[in-house]
Each structure stands twice: as structure tokens, then as C-alpha cells.
Amino acid sequence: MPQINILPKEVYQLIAAGEVVERPSSVVKEMIENSVDARAKNITVEIKNGGSTYIRITDDGCGIEREQIRKVFVSHATSKIATADDLNAIGTLGFRGEAMASISAVSKVELLTRARGENSGTRYEIAGGEEISLDDAGCPVGTTIVVRDIFFNTPARMKFLKKDVTEGNSVAGVVDRMALSHPEISFRFIRDSKQTLITSGSGDLKSAVYSVFGKEVSDSVVPVDYSFENMQISGYVSKPTASRKSRAMQFFFINKRLVKSATAMAALEQAYKNSIMTGRFPMCILNIELNPMLVDVNVHPAKIEVRFADERSVFNLIYYAVKTAVDNDRSVKTADFNITAQQVYNTENLSSLKKQETYSAKIDFFKKREEKPVQQTFKIQPREDFWQLDSPVRGLSNSKEKKNIDIEFEDEKALSEDKASAKKEKNVEIPDFRLIGEAFKTYIIVELDKELYFIDKHAAHERINFERLKAQATVETQLLLTPETVNLTKDELDAVCANIDLLLKCGFEVEQFGENAVIVRAVPSLVDDCSVKDLILEIAQKLLEHKTDILPDKIDWIFHSASCRGAVKAGDTTTAAEQELFVKKLLSMPDIRFCPHGRPVFIKISKYDIEKQFGRVQ
């Protein structure tokens, strides 16, 4: 039988250190959390060589009384909790009492501190878990901790540290996240003697977002402020037009503690459904305030994973808060012009112009320069609901030579009456516009308030159809003159037959027909007869692939498919009159900015941007 050994102190401390001290950034995280718990208003973090050789954290918190200092570096010694019951309602960032003991076990630590009420401060040194000195020192109220030479006594672990740049970036990320979770604290970050971050500490989260991420991100977010079942959520989420390629900029905080939560992530992305493209992700900085007894943070050594007593309530809180913020956003995607006159005109023309004396005073606008486009806003009054019309918006013919966008206003008088009624009852006003025409049989061009709007007629028509289907209590259907038989595989057939009631709710009257087919007798009124077979095949495949999806999701993507099939296609011919009526319909629905797949319905180009390309403005 193997011998059971009681490990000596110098060994078990190193093992415990492995749970907390993985790299310099984990050291910084633990010490900043202690500063926050000490009610500091100003925190300065300084590192050198990525933090591997030098970390200094200074705060103006409550400080540590001299007789308590040695306890700081004893494992499981903490001022945050006292009894087992305290673990059920943790209100501080730290609580286990492991961090400083683990850090001092693998590095050289110097502590300077003075508590309020003390006449002098204290300087304490410890290295590798062994005390070196305890002396008087002159210092202000608060605490300064210097950590040098991480893993100096465990060279095998030191080999796992990455390059200084990588470790430094990881530390910077920790400081950024702490600054976002505590905008009421002023953070200052110094990296290799260069200050790279400072926040105001004013309590304004938007200011902290600006300091951490810059103006571009700060301008691309909208506020969130929502209450639900004694929980409060606040912060910012990105506009749908500012989605990203990854989830790297999704920050969730529970009572100002950074957490990872699949529930929160799912709720956020569900709120953006039908607003951003597949494969794109929203960003967020969201803090949820709830009773500490309803969340368990004592799950993982890093304290980043949590469990909620009621996952559904948290999901609903985030979903409705973000959905409200996204729906209230009226921003429109702006065309990005980074083309300069130097790129527009070739060298020969430029040289020729330079030879002409008459252009000598004006030629400077050809010089290459980096200029950002001026952002402007598409202003339409918010609506309470869609402007309801008696007739559907749908395509009537599948011919590539001619396909109508059939809005079916009876006449301009009726249109005016509908418009006046809508304005009065729904507070929706269609702005004045001028139809320019159509490009590539795909994009309708409109002049509106010194801006050009390029409308993707398929994307816009698809979204109009989608919203109309969702708004109907009972989907309008049309019987097929000749019922359509659709052959399916056995698996597809099973999936369709298992969802007959769902399809009926979505406007499809379908039943099994023989061993390998279904017969379709009715479809939503906006669907063309000739697209029925392909549409049923598409729906059958989705039903097969997404068996476990919840009912609302299934309804949504069935409506997606029907809306797409019923929409006018790129390349279809539409008359000027049809285009004008279509634009009026679209502008009466200001919430429509994206197709159901998340692509923008229109983009805008300002007069200023165009004149800048021609050198009329600087």
C-alpha cells in the first residue's frame, strides 16, 4: 500500500497557488478585487515585462491594520465571510481568502498600507511564503502591493508564461473589464512606464466604454435599463449595424462581478434574432443587480462561473431588456467611404491637371488622406405598430422578365387617406422623398433629406412579408387551384407529418399522400404557386435538422422561408410607380432595418460624402 504523506507547508502552498495564480493577469485580478472590496475610489495598476517581473497596485481604500497584516498571507484567512451561511449571500468580489497566500507562495511581495485612524503605515515583505520583514513606513491611507518575479521558486511553471506582449495584453484585459464593471472607480493602467488607460470614476458607464474601447465603439452602442421581478439590468449593447465576428466583446456582470453564463449569452443573441446576420454577434456591457441569495458564485476557483436559482427569470430579464433597446434604435447602416481622390483619378490625369496653372490653387483635394465618413441619422418618428393596409404586399408572377411588387393601393386618394389615418392614429409620418430610380434591377434609389438611400428591394420586401405574417392572428391563406404533390425522403416525411398542426398555424394545409409524399392544398397568400414545392422541401429539411427547436423558433424560420419565396427577387423588373408605392410602404414601417436573415434593408450615403469624393468639400 502506498505511503500517505502529510505535505509540508512549502509544498501544499504551491499546490493551492495553482488554483489562483496561473499567470500575471490572475494576480492582477485578485488584487484589484481586494482593492474594490476595500471601497477604493482610485486604483492604479502598473506592470513591467508583461507583469512577470513587476506588478504594483495602489488604492485609496480602507487599508489594513498592522495587527491584521500577517493574516492577509495565511490561506483561508478572510474578512469577507465568517460563517457557512455567509456563502449563501456573497456580496463581495473576494471571499475564499486564498489569493494573497497563493501569490506570496510563488513570488516576492512587498506591502505598504495604512488604515484609517493609524498615525503611521506598515511595510511588510514576504517571499516564497516566508516572512522577511515588518517595519514602520510613511504612506497615505490605503494599500500598495508590489509583486516581483512570479514563479521565481517554480521555474517549471515560469516556462509556461507566454511572451511579455501576450501577458501584458491579458493584464490589460483584466483592467479593462474591472473598469467596465466599476465605472464609479477611477482606474489607471501603466504598462512599461507608459500610461495606456485612465477612467474618470464618475460613475458614467458610457465614459468608461469610451476610455476602454474608444469613440467608434462608444458611438455604436445603445443604453439598456430595465427591471423585471425584483431584478435590474443596465448597461449598453451594440446597434445591430455594429455587430461583430465573435463574442469576444460580450461582458456580463452579476452584481458587478464578471461572469460567464450560457443563459445570459443565449438571451442576448435571441434578442437580436432577425436583426443581425448569421455568423455575426452583438457586443454588450451588461450588469445585472439581483439578490445575492439567488446566485451561487462559489462554483469555480476563478469565481467566473455562476448558478442562478431561477434561470428562466434571468433569461427573460436580459431578453426583454435588450429587445426593447434594439427595437428603439433607429440607426441606419451608412456606406463606408474611404476612397480618396488620389484613388479615383489616375496618375496621368493628375499630372496633367498639375500642369495647368488655373488648377494650382485647388489641386490639394487630390492628396491622399484618411477621412472617416460623417455619421448621420435617419429620423422617422417611432411607431406603436405596423401601418396596416387592407391588401398584402406580395409578388404575383415568377417571370424574370416582369414581377410586380403588388401593394394594391386602390388610388392615390386612398393612399393619402391611409397615410393621414396612420399619422393620426399611429403617430407615423412618411417623410417626403424623391424616387431616383433603380440600379441593377435590385436597388431602389431614393433621395431623402440630403441623403441617398439604396434599398435592397428583395430584403425589404422579405421583411415586410415577415412582419405581416407575424402580426396576423390567423395567417391569410389561399387554396391552390391544383394541389401540389411533394416527394420527400422518409425522414423528411416523418418531420413534416409530425408538424402538421404547426404548418397549419403558419398557413400551410398539408397532409400525407402515399408512402413518400405530402400533398399541399393551401399556402400563405403571399407565396407564389410556382414556389410551393421548393418551399415545402426547404421547410421539411429545416424541421428535420432542428427537431429540438422551441415552437416560436420553428414558426419564425417557417415565416422566413415563406417571406423569402413570396418576395420580389433581385433582377426582377419593377415599374417606377411600383417602386414609389413600395418606398412609401417601407417608410411607413420605420422599424424595418434588416431582413429576417439580418442583412441591412438599406444603406445611406450623405450628400457630404458624395461631395467629398468629388473634392467639393475638404
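Visitor: How are α14 and α19 oriented to each other?

Guide: Two packed helices are described by the angle between their axes and the distance between the axes. This is a predicted model, in which local features need pLDDT of at least 70 and side-chain atom pairs count only at pLDDT 80 or more, while totals for chains, interfaces and linings use all residues. Residues are numbered from 1 along each chain as its sequence is written, and side-chain values use heavy atoms, with hydrogens and water left out. Here the axes of α14 (residues 457-471) and α19 (residues 576-587) come within 11 Å and cross at roughly 55 degrees, and the two helices are therefore oblique to each other (under 35 degrees counts as roughly parallel, over 145 as roughly antiparallel, 65 to 115 as roughly perpendicular and the rest as oblique). Axes are lines fitted to C-alpha atoms, for helices over the stretch in contact, with angles from 0 to 180 degrees between N-to-C directions; helices (H or I, at least four residues) and strands (E, at least two) are DSSP runs, numbered from the N terminus.

Visitor: Which residues make the contact of α14 with α19?

Guide: Lys 457, Ala 460, His 461 and Ile 464 of α14 meet Phe 582, Lys 585 and Leu 586 of α19, where contact means heavy atoms within 4.5 Å.

Visitor: What is the strand order of the open sheet?

Guide: Its five strands follow the order β9-β10-β13-β11-β12, with mixed pairing (two strands pair if DSSP finds at least two bridges between them). β9 (221-228) and β12 (257-259) stand at the edges, each with a single partner strand, so one side of each lacks a neighbour in the sheet. Strand β11 (residues 250-254) runs antiparallel to β12, joined by three bridges.
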